[in-house]
Every structure is written in structure tokens, then in C-alpha cells.
Amino acid sequence: MADSNETVTIATGEGATGTTLLGIGAYRPERVVSNEEICEKIDSTSEWIYERSGILNRHVAGPDEGIVSMSIEAARAAVTSAGIDADLIDALIVCTSTNWTQVPHAAPQVATALGRNGIAAFDLTAGCAGFGYGLAVATNMIRGGGARYVVVVGVEKMTDGIDFSDRNTAFIFGDGAGAVVVGPSETNDISPVVWGSDGEQGSAIRQTKDFKQYVDEVDASAAAAREEAVLQPFLVMDGSKVFRWAAVQVSKVCAQTLEAAGVTAEQIQAFIPHQANGRINSAMAKHLGLPDSVAIANDIEQTGNTSAASIPLAMETILREGEAEPGQIALCIGFGAGLSYAGQVLRLPAKPPAS
């Protein structure tokens, strides 16, 4: 029996010097919903919606397009883009706030579909900052020796929880999935994350009721005379409060992210913010003093706000359309529900596979 006073040394993981994005993939639902269609249920116009948000269209998932299936398609595309064997993937993170089945969680199902049953796989919920949180966890896993290659998926089916008669939220959100493969690198291509939250203002974006309240109301409606749409939780938002918070906090976080990465605004070649509002994103780029040559992601115009999926979807679009090139330096910032945020500077991955 060992001496109780004996010093025990516990080994540390042997990780990579740096991390890099190897590939990217995306999945967008087939159905496209225009502003005109949204206006059939709310008192508005396509012009008003576009002027206020920068949105023209959004993708809306059908009954057979769920969190797991969309994640699988995006993850497969990312692995193809990375040009590595799927057998090398030893961890998978699904970042989402709209997986209505908490047990089983989505990530193990996605990993199994990729042929990697048994690897570390878990879901992460951090609202619109979810992808940034997932990317930070993945890079720290690789640097700490907990994994070598990690798939990070940002995925949402936002339209399941939207009241399309609510003029404040009906036009904002869409569905989809974006994924990246993160791997080891001798030189570092992903900066330390600058992240945080403001729980004091967290109620600015919330559900109308929690799931226990929902179940209680369903039980109370024994005759089932009330429609499900009345009973279900909906996403509601205090747009003015969120806008004021973002205007003050997010530009500050962007500046802190550049400092943490050791780069200047002049060295940024692409700006990929969370696609919450086109006007906000343009204003942020101007406030940061980004050069006119910087490619600014504007995926919101055709995709809407897809929460945790918005940054990888926007990254895939900006690469696929040739607005930015693999290897360029990009500033990414996620912000929203929580209220949470996460900023990173990274080197863009290889172009996505042709759809």
C-alpha cells in the first residue's frame, strides 16, 4: 500500500502546438421563404423588413429536416472539404439551442452516422454565440491533448419555435447547419477566444414558457380543444434592449479579440459576424475601422438569422462565392441569447465542396 504522504504526479495531456480549420460544410433546407410570404401573416412589407434587417429570404426546414439530419449533412461536407479520413475524427460537438429532444442528445447520433460511434460527442448550448463557444472548446481540447481532430457543428431549426404572427420575430429567423473540422497545426491559425455573458439582461431573448409549463398546460387541456400552436413555447425578443447591448458590448469584444490575437484591424481580410442584422454588421465594421477591402459576410440576406449556425453558414458562403479566399485572416464574433458572446480571429479553411 502506497504511503499516504507520497507525492503522486498526475500526467498531463500532450496536445498540439496550434490548431487550424481544415474544412467547412453547410446544409440549407430546400424550402425558401420570401419576405412576401412572411407578410401574408403580419402587417408589414418586404421593403420594411429588408430596410430594418437586411433579410430578403430565409430557409425553413421541413418535417424531415431536423437537428440531427442537418448536422449530419453539414458534418459530412466539412470532412470532405478537409480532405481527411473520417476515422481520424475523435470528437464531435453540436452547438444548438433548438434540439427538442434533450435525451438522447444530438451529437452521438451525428457521430454514429459519420461512422465514428464511440467517440466523445456532446451538445453545447450558448445561443447565437454557440458556434464560437464550440470552436473554443474544440481548440482547447486539441491543445490540451484531449482530441486531435474535432468536428464542430452549428445547427438550428429556429422556425419550430417562432410565432409567425408575431411582427417582432416572424421575419428574422431561418434554419440550417454549418460545420468545420478543427485539427492540429505546427503554426496556430485560431486565436484565443474572448467570451463572456451578461445574465442580468438574459431575459431580453427568451422562451414564453419553459417545458414544464408546457407539459402542465397540455395535461390541463384534456379535451385537446386548444391547438398546439397556442400551447407551445415561442421565442420572444426585446429588440431594442438587444440592439443597445450589442451596440456597446460587441464592438468592444471585437477590439479585445483583435488584441488577444495579436493582429490589427488593417490585417483583417474578412469579417464574419453573427448574422443578426445587416445594418448592425456594417456599423460594426465601420466602428472597428476595417479597410474597405475587407469582405463582410452578408449571408443574412438569403439565409436569415440562424443563431448558432450563422457564422459557419456565412463562412461557407463567403468562401464558396469567392468573396474571401482560403488562408485569409478573418474576424468572427457571435453574440445573442444569454446574453452571450464569443470572438475569435482565424485563418479561413479550404473552400467548401461543390453542392
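1. Helices (H or I, at least four residues) and strands (E, at least two) are DSSP runs, numbered from the N terminus. Axes are lines fitted to C-alpha atoms, for helices over the stretch in contact, and angles run from 0 to 180 degrees between N-to-C directions. Contact means heavy atoms within 4.5 Å.

2. On provenance: this is a predicted model, in which local features need pLDDT of at least 70 and side-chain atom pairs count only at pLDDT 80 or more, while totals for chains, interfaces and linings use all residues. Residues are numbered from 1 along each chain as its sequence is written, and side-chain values use heavy atoms, with hydrogens and water left out.

3. Two strands count as paired if DSSP finds at least two bridges between them. Strand 11 and strand 12 run parallel and are joined by 2 bridges. Phe271 stands opposite Ile296 in strand 12.

4. A second open sheet has 5 strands in the order 1-7-6-4-5, again with mixed pairing. Its edges are strand 1 (18-27) and strand 5 (120-124); each has a single partner strand, so one side of each is without a neighbour in the sheet. From one strand to the next, the twist averages 20 degrees. Strand 1 is joined to strand 7 (residues 175-185) by 9 bridges, and the two run antiparallel. Within that pair, Tyr27 stands opposite Ala177 in strand 7. Helix 3 packs on the sheet and touches strand 1, strand 4 (91-95), strand 6 (150-157) and strand 7, its direction making about 125 degrees with that of strand 1.

5. Where does Gln275 lie? Gln275 is in the loop between strand 11 (270-273) and helix 9 (278-288). Gln275 is buried, at 1% relative accessibility; buried means under 20% relative accessible area, exposed over 50%, and partly exposed in between (1.4 Å probe, protein chains only). The side chain of Gln275 reaches the backbone oxygen of Pro273 at 2.8 Å. Leaving aside neighbours within four places in sequence, the contacts of Gln275 include Asn281, Asn298, Asp299, Ser310 and Ala314.

6. Helix 11 is largely enclosed by the rest of the structure, because 10 of its 11 residues are buried. Among the buried residues of helix 11 are Ser310, Leu313, Met315, Glu316 and Leu319. Just after helix 11, Gly322 takes a positive phi of about 75 degrees.

7. Side chains of opposite charge can pair when their charged atoms come close. The count of salt bridges is 8, a salt bridge being a side-chain nitrogen of Lys or Arg within 4 Å of a carboxyl oxygen of Asp or Glu. Arg28, Asp299, Glu316 and Arg320 are linked in a network of salt bridges.

8. Arg76 forms a salt bridge with Glu73, with the closest N and O atoms 3.8 Å apart. The two are 3 residues apart in helix 3 (residues 67-82), which means a separation of about one helical turn. Arg76 is partly exposed at 40% relative accessibility, and Glu73 is partly exposed at 38%.

9. Asp160 and Lys157 meet in a salt bridge at 4.0 Å, N to O. Asp160 is partly exposed, at 32% relative accessibility, whereas Lys157 is buried at 9%.

10. Glu325 and Lys351 also meet through their side chains in a salt bridge, at 3.9 Å from N to O. Glu325 lies in the loop between helix 11 (310-320) and strand 13 (329-336), and Lys351 in the segment after strand 14 (340-347), so the pair ties together parts that are 26 residues apart in sequence. Glu325 is partly exposed at 33%, and Lys351 is partly exposed at 41%.

11. How many disulfides are there? The count is 0, with a disulfide taken as a pair of cysteine sulfur atoms within 2.5 Å. Cys39 is buried, with a relative accessible area of 17%, and Cys128 is buried at 10% relative accessibility.

Definitions and conventions. A polar contact is a pair of N or O atoms within 3.5 Å; within protein, one must be able to donate a hydrogen and the other to accept it, and residues adjacent in sequence count only if both atoms are side-chain atoms.
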